[in-house]
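Q: I'm new to this one. Can you walk me through the structure, piece by piece?

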Amino acid sequence: PQSVAEKIDYVFKVVVIGDSAVGKTQILARFTKNDFCFDSKSTIGVEFQTRTLTINSKVIKAQIWDTAGQERYRAVTSAYYRGALGAMLVYDITKRQSFDHVARWVEELRAHADNSIVIMLIGNKADLVDLRAVPTEDAVEFAENQGLFFSETSALNGDNVESAFFKLLEGIYGQVS
Ligand code: GDP
């Protein structure tokens, strides 16, 4: 097929992290397959999905890794972070605890990932407006203090998922080019 002939300029590894059930798997499905699965279970066996796109006329293959439910057992290992140029750090805007844990996930990244890793903080489930427990301003402030990109997304309706990934990948491109 056509992908065989496509010249890939860069492969960017991106990891998706955050508490269990915040929507990591669905964000990944939305970005790589433009799909949402209503009865999602942990994806066992699938380590990453890819999507090839163009940034500044360069063909970039984004290789996006999912923890496949292992974050429940705190078993996310350094192998998972190895070579990652970007991270999507996801919390659920309806679950305060998932936002309170974001600082821990940043520490985890600082400990195990490359120093120059580009981090995008994602407040997911933005469609659940009536259940919001995390004000946008709290996340904006945290992201500014920590030097992270920030976006609120909905994997359910697709809002901002594409733009968040593009912002992250452009940030990575800006570092490697
Ligand atoms: P993970 O454990 O972080 O990978 O979370 P999942 O992707 O498995 O999602 C956990 C649950 O949240 C599932 O029931 C999803 O259907 C639901 N979910 C994920 N993203 C959204 C979203 O943007 N909006 C809403 N309303 N539900 C979502």
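This is a predicted model: local features need pLDDT of at least 70, side-chain atom pairs count only at pLDDT 80 or more; totals for chains, interfaces and linings use all residues.

Q: Good. Which helix gives the largest share of the shell around the ligand?
A: Helix H2, residues 24-33, does. Three residues of the shell come from H2.

Q: And how many residues surround the ligand in total?
A: 16 residues surround the ligand. The closest are Gly23, Lys24, Thr25, Gln26 and Leu156.

Q: How does that shell divide into nonpolar, polar and charged?
A: Six residues are nonpolar, seven are polar and three are charged.

Q: Let's move to the sheet. In what order do the strands come?
A: The order is E2-E3-E1-E4-E5-E6. These six strands form an open sheet, and the pairing is mixed.

Q: Which strands stand at the edges?
A: E2 and E6 (149-152) do. Each has a single partner strand, so one side of each is left without a neighbour in the sheet.

Q: By how much are neighbouring strands turned against each other?
A: By 25° on average, with direction ignored.

Q: What packs on the sheet?
A: H2 does, and it touches E1, E2, E3, E4 and E5. The direction of H2 makes about 45° with that of E2. Helix H5, residues 102-112, also packs on the sheet. H5 touches E1, E4 and E5, and its direction makes about 165° with that of E4.

Q: Back to the pairing. Do E2 and E3 run parallel or antiparallel?
A: Antiparallel. Eight bridges join E2 (residues 48-55) to E3 (residues 58-65).

Q: What is the bridge partner of Gln49 in E3?
A: Ile64 is the partner of Gln49. Elsewhere in this pair, Thr52 stands opposite Lys61.

Q: How many residues are there between E2 and E3?
A: Two, and the strands form a hairpin. Asn56 sits in the turn.

Q: What is the phi of Asn56?
A: About 50°, a positive value although Asn56 is not a glycine. For context, most residues other than glycine have a negative phi.

Q: Is Asn56 buried or exposed, and why?
A: Exposed, because Asn56 has 10 C-beta neighbours inside 10 Å. The cut-off for exposed is 12 or fewer.

Q: What about Ala21, what is its phi?
A: Near 75°, again positive in a residue other than glycine. Ala21 lies in the loop between E1 (10-17) and H2.

Q: Why does Ala21 count as partly exposed?
A: Because Ala21 has 16 C-beta neighbours inside 10 Å. That value falls between the cut-offs, exposed at 12 or fewer and buried at 20 or more.

Q: Now E4. How many of its residues are buried?
A: Seven of seven, across residues 86-92.

Q: Which residues are on which side?
A: Gly86, Met88, Val90 and Asp92 are on one side. Ala87, Leu89 and Tyr91 are on the other. Both faces of E4 are covered.

Q: How many bridges join E4 to E5?
A: Seven, and E4 and E5 (residues 118-124) run parallel. Within that pair, Met88 has Met120 as its bridge partner.

Q: And how many join E1 to E4?
A: Four, and these strands run parallel too. Val14 has Gly86 as its bridge partner in E4.

Note on methods: Residues are numbered from 1 along each chain as its sequence is written. A residue is near a molecule or strand if its C-beta atom, placed from the backbone, lies within 6 Å of it. Ala, Val, Leu, Ile, Met, Phe, Trp, Tyr, Cys and Pro count as nonpolar, Asp, Glu, Lys and Arg as charged, and the others, Gly among them, as polar. Two strands pair if DSSP finds at least two bridges between them. Axes are lines fitted to C-alpha atoms, for helices over the stretch in contact, and angles run from 0 to 180 degrees between N-to-C directions. Two residues are in contact if their C-beta atoms, placed from the backbone, lie within 7 Å.
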